[in-house]
Amino acid sequence: MIRRDRRLFWIGFAVILALLAAAPLVLPPFWRHFVTEVLIWGLLAMSSDILIGYTGLISFGHSAFFGLGVYGAAAALLLVAPPNLFLAIALGLVAAALVAGFVAYFSTRLRDIYFAITTLIFSQIFYVVIFTWTSVTGGENGLTFTRPGLGIPGLYVVRFTPVTMHWFVLAVVAVSYLILRRITRSPFGMVLQSIRENESRTRAIGYHVEHYKMVAVMLSGLFAGLAGVLYALQNEFAAADFVFFLVSGETVIYNVMGGIGTLAGPLVGAAFFLLLREALSRYFTEYYLIPLGIIFIAMVIFMPQGLLGFARRWLNR
Amino acid sequence: MTIPWDLIVIQTVNGVVTGMILALVASGLTLIFGIMDVVNFAHGELFMLGAYLGVLVLASTGSFWLALIIASLVVALLGAALQIVTLRPLIGRDPLTTILATFGISLVLQNYALWQFGPISRKIAEPVSGQFRLFYLEYPWYRLVIAAASAAIIGAFWLFLKYGRYGIWIRATTQDRVMAQAMGIPVPWVYTGVFAIGSAMAAASGVLFGPLVGVEPYMGLAWVLKAFIVVVVGGMGNFGGSIVAAIFVSLLEAYASIWVSPSQAIIVSFVALILTLLFRPTGLFGSAVR
Amino acid sequence: MTTPDPVTDPVIKVEDLHAYYGKSHVLNGVSLEVGRAEVVGLLGRNGVGKSTTLKSVMGLVHARQGAVLFEGKPVTGVPAHKLARSGIAYVPEDRRIFRLLTVMENLRTGLDRAGMTESRRRELLDKVYELFPVLAERRKQHGGTLSGGEQQMLAIARAMMLEPKIVLLDEPTEGLMPRMVAQIARIIDILHREGVAILLVEQNVALTLECSRRVYFMEKGEVRHHAVAAELDANAAVVHQYLGI
């Protein structure tokens, strides 16, 4: 990457980071909460982009990874006292990784379209299991728990305020973004993109495509689970709804709206979608998905590169 | 443990009944996928709209069969319109875009139904009343009638495909799209027609299934999921395979509900899916030559 | 050697056609014409763009530049199925008959056009069964069960169902036994006598020179030479130059 582009990137990144960090200090509580939520969904969308944008696999299974991240954190916070932040994160990630491994094993045997369907089916399997296993998961009503404090348990623990919670989420999302970015630019990331471009040729060259796909799914699932953990910490609530396939669907929408294969795009897409939802629900109340769905379809047809892709093209002119 | 033979027979009948309707839903999906390479995520919503239209027509005319016909025709037209507006522009692009587009359509249709009809479920009255004795049960006739109607529709379509004039168009387009065009077959319209037929099948299943369950905006979700499982287990793109798989999966679930609750019985179909993916990923009748 | 006179009122006229496969510039400005009921040959080495030219005329390959005129009217960009119904028939390399359809069904695909009556359909079918008794015998068999030569006959018969003004024939003798090659020559002659024009792409030079009135020679995506077939034989210098035999 050219030195000038590198510098531009870091400057841009720092500016946006500063803006987002300052946000909770200047915004009213509703919007402060909104920005934090956008970051969390943005992380989920980014994780999904690894599959959709870089490997060329549409996954409808992210609700399972996200949901298990939420429940994993919930489990840690409910079962172990005093509530331990790092245990919550660890358990959430492990739960998500296990589910991702399971799904990866079955879905990566199949190509493109079949992959989408099987991830959908699997995410619904998890939904049904969680929904019906009410003794453990609280079924429809879900579980509530308390947020742990930040710090090292036993030594120094400080409670989260909404502002510090926001900064914590921002830090996790920013670091995740940088890690994912690094991965997409690594040789591994290059192989993924090669799989997206031409799977049979990549296989012919000698790469074990199934293995790469599995790792991609697990990686994607891990970060989706991390988003789930953040959600649990932010909202202190876990419910079967988060494992419902609609979450996967909305994730895919964020990706498409923002621009697949750009990593930052999905985050923009999430912001765009959530803002649209706010705006549209003022006029359409709970039926906001009708105009939003139409906008989405129109974007698939006319703006397939998403907002970011469109902006890039416009800037290059 | 004594084997509950009477329950097994009853559940066999139930399984076949549900299986036939599921077969109708699944074959519409398979048709659209096999011929157009489109995964129709909105299929469940077309099913749901068919059911609602059935409710409306039944309320105003009192005839179940009229409801069946009108609902199918209206949804067929809707399907054709959707295909022309949203799917034709996507021909030639990455096939994954059609998944996204149909997913978008499903969201819009679901919420439209929610808006127009509200969340409270409605009922479609049975077409035929009366029961017969099946062991200790009074088994309603209409269930058998519905199963027969589904079978009839599938059979009629199969005949159309084999002997009808436009059936040849569809079969030729499936085998070699380019040469079909070179023979003067208007392939873009064949696609529209196929999508319309698939939509009509979904709508018909919705009306037929109406008397068995409540009609509500989200009913499509559960059924499209089952339909997808059936399509994968049967072998994607294999018409006959999805019909057999539909009955097979429904029977499994019916037998399972003898011992567990219905919402848990669905786990059986999940297991069937997993086993199929493990041992025969192309489906039981897979690597189909359509 | 005389350069042939320009054709008056050609059935097909191709003007400066450019086409690409991805980034590859396959047709580099092809120009040719075929007169009514005329048999014209298109010769050249493998890969020079002969098949692509036929596909472009048929609307199966997108033309980036240039024009195709059918009976004087521009048809570049018109979808293939409309061209087929207007009277351009295409018989591709490797035949591509519908393997899972019966012989009869294969023929039927060309018979569902506007203005076709049931009696006209019967007439056409009977005519083709008379010309190709083998097909009549096998009419209920699936296309995939026919031999190579029989499939070639079916592919041509199928094209005839469109009652075309011109048939685009791509390498009809490829993979056929010598006995069948003579059959192909006979069929081309029959079509010619019916008033159907033929644009014939072939590797078999002798056959092409025998059946055609004029021949074009292509190289690297362009037409480089144009001659009257009767003035050439298989040993002509020009043939060696463009076919490297």
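Which chains share the most contacts? There are 2 pairs of chains in contact, and of these, chains A and B share the most contacts. The model is a predicted one. Chain A does not touch chain C, and the nearest C-alpha atoms of these two chains are 15 Å apart.

Next, consider a residue in chain B. B:A265 belongs to helix 11 of chain B, which covers residues 262-279. Leaving out residues up to four places away in sequence, B:A265 touches B:E253, B:A256, B:S257 and B:V260. B:A152 is 113 residues from B:A265 along the chain, and the C-alpha atoms of the two are separated by 28 Å.

The backbone angle phi is the next topic. Most residues other than glycine have a negative phi. A:E236 is not a glycine, yet has a positive phi of about 55 degrees. A:E236 sits in the loop of chain A between helix 10 (209-235) and strand 4 (237-238). Because A:E236 has 14 C-beta neighbours inside 10 Å, it counts as partly exposed.

C:D16, a residue other than glycine, has a positive phi near 50 degrees. Where is C:D16 placed in chain C? C:D16 lies in strand 1, made up of residues 12-21. With 14 C-beta neighbours inside 10 Å, C:D16 therefore counts as partly exposed.

Technical notes: Residues numbered from 1 in each chain as written. Chains lettered and ligands numbered in written order. Predicted model: local features only at pLDDT ≥ 70, side-chain atom pairs only at ≥ 80, totals over all residues. Helix = DSSP H or I, 4+ residues; strand = E, 2+ residues; numbered from the N terminus. Contact = placed C-beta atoms within 7 Å. Buried ≥ 20, exposed ≤ 12 C-beta atoms within 10 Å, placed from the backbone.
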